[in-house]
Amino acid sequence: MRARHKPWADDYLKEQTTYVELNPPLYKGKWQSRFNENQPIHIEIGAGKGQFITGMAKQSPNVNFIAIEVVKSIIVSAVQKVVEQEPDNVKLINFDAKDLRDIFSENEVDCIYLNFSDPWPKNKHEKRRLTYAAFLEQYQHVLKPGGELVLKTDNKGLFEYSLVSFSKFGLVLDEVTLDLHALNESTNVMTEYEEKFAAKGQPIYRCRAKFPNE
Ligand code: SAH
């Protein structure tokens, strides 16, 4: 996802402390205290401009959502959406998911969404893919037993890679669909990328997976 450099992004994020957590390691193990209601925590990694997280928050008021996005000039668009809509079940973090364990303690998270993650098609960039084993280790640590990892993408290469990576890691696949939109799920919340690719007629792939217990 591209965004123009926004020199004001830093100051803007610092002003939005109702929704943006500027020092996320401070809340490790204590994210519930950042929300009004004590309820399951779902996180999106690579949240982009925030359409998914705000849509999900509206649809599921009984879930606390945390959007994680590494690029400042992108996350500001998500923050602007949240500031406009004022949901009380969304927080945002400008953070690199490679250090997820620094901001969540063991079993703190109920569900992780990866939506249209960067495919990094070259083999030499495998380690950057959000479904690379080192990332899966982090997800396993922070997810509760039985917690779900949900991947949506239009990218065939990333999808194939991810299924193999999940399998090598011992994840159990609850669902694999090669045409999500053909299911006509009324609960599916579309991301910015999903809308763009679906409009071009590209099928959307989805996989729901769980880590084995213990
Ligand atoms: N989920 C959005 C954006 C997809 S683009 C959508 O579907 O429309 C992928 C996003 O992931 C980009 O905004 C990129 O900056 C972010 N990203 C990539 N690697 C990341 C990482 N390690 N931690 C957090 N965000 C990351």
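A residue counts as exposed when its relative accessible area is over 50%. Leu 178 has 55%, so Leu 178 is exposed. The model described here is predicted.

**Surface patch**

Leu 178 sits in the loop between strand S6 (172–177) and helix H6 (192–199). Together with Leu 173 and Val 176, Leu 178 forms a nonpolar patch on the surface. The three residues share about 260 Å² of accessible area.

**Salt bridges**

The structure holds 10 salt bridges. Among them are these three:

| Pair | N to O distance | Location |
|---|---|---|
| Lys 72 and Asp 10 | 3.2 Å | helix H3 and helix H1 (residues 9–15) |
| Asp 110 and Lys 144 | 3.1 Å | strand S4 and strand S5 |
| Arg 206 and Glu 175 | 2.8 Å | strand S7 (residues 205–210) and strand S6 |

Lys 72 and Asp 10 are 62 residues apart and link distant parts of the chain. Lys 72 is partly exposed at 33% relative accessible area. Asp 10 is also partly exposed, at 34%.

Lys 144 is partly exposed, with a relative accessible area of 32%.

Arg 206 and Glu 175 are 31 residues apart. Arg 206 is buried at 4% relative accessible area. Glu 175 counts as buried too, at 18%, because the cut-off is under 20%. Glu 185 joins Glu 175 and Arg 206 in a network of salt bridges.

**Interior**

Asn 64 lies in strand S2 (residues 64–69). Its relative accessibility is 1%, so Asn 64 counts as buried. The side chains of Asn 64 and Gln 39 make a polar contact of 3.0 Å. Beyond four places in sequence, Asn 64 touches several residues, including Gln 32, Phe 35, Ile 41, His 42 and Asn 89.

Helix H2 (residues 51–59) has as its buried residues Phe 52, Ile 53, Thr 54, Met 56 and Ala 57. Their cover includes strands S1 (41–45), S2, S3 (90–94), S4 (109–115) and S5 (143–153), along with helix H3 (72–85).

**Ligand site**

There are 19 residues around the ligand. Gly 46, Glu 69, Asp 96, Ala 97 and Thr 191 come nearest. A backbone N or O atom of Ala 97 lies 3.0 Å from a ligand nitrogen. An N or O atom in the side chain of Glu 44 is 3.4 Å from a nitrogen atom of the ligand. Glu 192 places a polar backbone atom 3.4 Å from a ligand oxygen. On its own, the ligand has 580 Å² of accessible area, and the protein covers 94% of that.

How values were computed
Residues are numbered from 1 along each chain as its sequence is written. This is a predicted model: local features need pLDDT of at least 70, side-chain atom pairs count only at pLDDT 80 or more; totals for chains, interfaces and linings use all residues. Side-chain values use heavy atoms; hydrogens and water are left out. Patches are made of residues with over 30% relative accessible area and no salt bridge: like charges are joined within 9 Å, nonpolar side chains (Val, Leu, Ile, Met, Phe, Trp, Tyr) within 5 Å. Accessible areas come from the Shrake-Rupley method with a 1.4 Å probe; for residues, only the protein chains shown count as cover. A salt bridge is a side-chain nitrogen of Lys or Arg within 4 Å of a carboxyl oxygen of Asp or Glu. Helices (H or I, at least four residues) and strands (E, at least two) are DSSP runs, numbered from the N terminus. Buried means under 20% relative accessible area, exposed over 50%, partly exposed in between (1.4 Å probe, protein chains only). A polar contact is a pair of N or O atoms within 3.5 Å; within protein, one must be able to donate a hydrogen and the other to accept it, and residues adjacent in sequence count only if both atoms are side-chain atoms. Contact means heavy atoms within 4.5 Å. A residue is near a molecule or strand if one of its heavy atoms lies within 4 Å of it.
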